[in-house]
Amino acid sequence: MDINHFFLQVNTATFSHTKNARMIILLIGAVVGFLSGLLGKGGSAIATPALQIFAGINPFAALASPLPATLPTTLSASVVYNREKLVNKRVVTICILAGIPATFFGSFFSDLLGGDMLMVLTAVFVLSLGISFLFTASHPSLTGTPAIPLWKILTVSVSVGFLSGLLANSGGVLFAPLFIRFLKIPVKEAMASSLLVAAGLAIPGTVAHWYFGHINWQVVLLLSVAAIPFSYVGARVAIRLNNALLEKIFGIMLIVFGAFDLWYSLS
């Protein structure tokens, strides 16, 4: 896709949805933004099926359009977490550096693979993580976190990065719980770090899916306008919750996301 075609898409693309559909997209953006800030995730896991089911967006646009909206949304929430000094900079840096090539690699497989089975497996994995959070709390203290082995960080970043590119999402729905469970990072620190990683990995995924012509930029604009302020509010709420309660909420929402995505993928 050349640059002239890109600007033609942005400025003159036919947005065939009704006013009600635009309002639905704004509502989806607000909900996704709040949950992104609250739970440290990009939001594609719920935005993609919601755009198809409730707003009538075609599958490829619904899959890819939430991705560029992830960047401003996650950065808005990150302002709150950064003020509280909750970001694990080492984990974020390594995950972005290792995850970007993995995301590019996964993105270029998206046109070759249907991804249906991977979406089902991802949904089952998210559902399982949610159940584990609901019934087995970890909530370590926010201080004295031991050094995390490099191989563990690389394992998470490369595997989730590849899936992020393949399924056109920023990986937040997997990064945050894996940071908590696999890397043993405290819950708020994990969510804060996950948001920044999701923002970083949204960039290569956006470039790749823009190249393939999958992104509807008017949908991106509507999602972003609604999501940016609500992600900030969600992060403020998360900061005020105690760790144990936040983990339970996190587990419940992961179960909801996983069950919803599983139902959507199978149906």
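Ala202 sits in helix H10 (helices are DSSP runs of H or I with at least four residues, strands are runs of E with at least two, and numbering starts at the N terminus). Ala202 is buried, with a relative accessible area of 1%. Buried means under 20% relative accessible area, exposed means over 50%, and partly exposed lies in between, using a 1.4 Å probe and protein chains only. This is a predicted model: local features need pLDDT of at least 70, side-chain atom pairs count only at pLDDT 80 or more, and totals for chains, interfaces and linings use all residues. Residues are numbered from 1 along each chain as its sequence is written, and side-chain values use heavy atoms, with hydrogens and water left out.

**The whole chain**

- The chain has twelve helices and zero strands.
- Of its 267 residues, 54% are buried.
- Take the contacts (heavy atoms within 4.5 Å) between residues at least 6 apart in sequence: 87% of them join residues at least 24 apart.
- The chain exposes about 11,500 Å², and carbon and sulfur atoms supply 71% of that area. Accessible areas come from the Shrake-Rupley method with a 1.4 Å probe; for residues, only the protein chains shown count as cover.

- Ala202 is in contact with Leu67, Thr70 and Leu71, leaving aside its neighbours within four places in sequence.
- Ala202 and Thr74 are 128 residues apart along the chain, yet their C-alpha atoms are separated by 9.9 Å.
- Ser193 also has its place in helix H10. Ser193 is buried, with a relative accessible area of 0%.
- Not counting residues up to four places away in sequence, Ser193 touches Leu86, Val87, Asn88, Val92 and Phe179.
- Val207 counts as partly exposed because its relative accessibility is 40%.

**A nonpolar surface patch**

- Phe104, Phe108, Ile203, Val207 and Tyr211 make a nonpolar surface patch of about 450 Å².
- Helix H10, residues 187–211, gives the most to this patch, with three residues.
- Patch residues have over 30% relative accessible area and no salt bridge; like charges are joined within 9 Å, and nonpolar side chains (Val, Leu, Ile, Met, Phe, Trp, Tyr) within 5 Å.
- A salt bridge is a side-chain nitrogen of Lys or Arg within 4 Å of a carboxyl oxygen of Asp or Glu.

**Helix H5**

- Helix H5 covers residues 66–83 and has 18 residues. From first C-alpha to last, H5 reaches 26 Å, close to the 26 Å expected at 1.5 Å a residue. The expected span is 1.5 Å times one less than the number of residues.
- H5 bends by about 25 degrees at Ala77. The bend is the angle between axes fitted to the seven residues ending there and the seven starting there.
- Buried residues of H5 include Pro66, Leu67, Thr70, Thr74 and Ala77.
- Their cover includes helices H2 (19–39), H3 (44–55), H4 (59–64), H10 and H11 (217–240).
- After H5 comes Lys85, whose phi is positive, near 55 degrees.

- Ile252 lies in helix H12, residues 243–266. Ile252 is partly exposed, with a relative accessible area of 43%.
- Pro149 lies in the loop between helix H7 (116–135) and helix H8 (150–167). At 34% relative accessibility, Pro149 counts as partly exposed.
- Pro149 and Leu183 are 34 residues apart in sequence and 8.4 Å apart in space, C-alpha to C-alpha.
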